[in-house]
Structures are given as C-alpha cells and as structure tokens.
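Trainee: I have this one open for the first time. Can we go through it together?
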Amino acid sequence: LETVTDGGTKRLTMSVKEAAKALGFGINTTYGLVGSGRLRAVKIRRKLAIPVTEIAAFLERETAGDTE
C-alpha cells in the first residue's frame, strides 16, 4: 500500500472517511474499528488520522488466522 497523494503531495495518513473507502467499509464501521482498537489511529486535536501503513497492518492482522 502506497502513500496517499493529494495534489502531488504524498501523505502518510488518511482520514476515517478515506480509510473507510480504501477498506470498503462504512464510516460507522471504521469508527467502530478505531474505537475498539482494532484499527489504530492517531488523534491530533479533534481529528483522527489513520497512518497509511496501518491499513495494510490491519488487513494482515485480520487475515492472519484465515486458512482459506
């Protein structure tokens, strides 16, 4: 997973809305994952920022037990 580009600028984080879209989840589901600690985020002032690398790490953790 590469960094998100915003007008040519590489970003290291994404918003909850962007993460939800990248994962194919709804915003409420994504907030729930953050709230439960399953998807790690950084809170800066009143905004949640999800590191781009955390999206791949989340998927690795969630699929680690799958044998299919």
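Trainee: At roughly what angle do the axes of helix H1 and helix H2 cross?
Mentor: The axes of H1 (residues 16-23) and H2 (residues 27-36) cross at roughly 105° and come within 9 Å. Axes here are lines fitted to C-alpha atoms, for helices over the stretch in contact, with angles from 0 to 180 degrees between N-to-C directions. H1 and H2 are therefore roughly perpendicular, a label for angles of 65 to 115 degrees.
Trainee: Which residues make the contact?
Mentor: From H1, Val 16, Lys 17, Ala 19 and Ala 20; from H2, Ile 27, Thr 30 and Tyr 31. Contact means heavy atoms within 4.5 Å.
Trainee: Before I go on, where does the model come from, and how is it numbered?
Mentor: It is a predicted model, where local features need pLDDT of at least 70, side-chain atom pairs count only at pLDDT 80 or more, and totals for chains, interfaces and linings use all residues. Residues are numbered from 1 along each chain as its sequence is written, and side-chain values use heavy atoms, with hydrogens and water left out.
Trainee: New topic. How many helices and strands are there?
Mentor: Three helices and five strands, in the order β-β-β-α-α-β-β-α. Helices (H or I, at least four residues) and strands (E, at least two) are DSSP runs, numbered from the N terminus.
Trainee: And Ala 49, buried or exposed?
Mentor: Ala 49 counts as buried because its relative accessibility is 9%; buried means under 20% relative accessible area, with a 1.4 Å probe and protein chains only. Ala 49 sits in strand E5 (residues 47-51).
Trainee: What does Ala 49 touch?
Mentor: Leaving out residues up to four places away in sequence, Ala 49 touches Thr 13, Met 14, Ala 41 and Val 42.

Notes
Buried means under 20% relative accessible area, exposed over 50%, partly exposed in between (1.4 Å probe, protein chains only). Angles under 35 degrees count as roughly parallel, over 145 as roughly antiparallel, 65 to 115 as roughly perpendicular and the rest as oblique.
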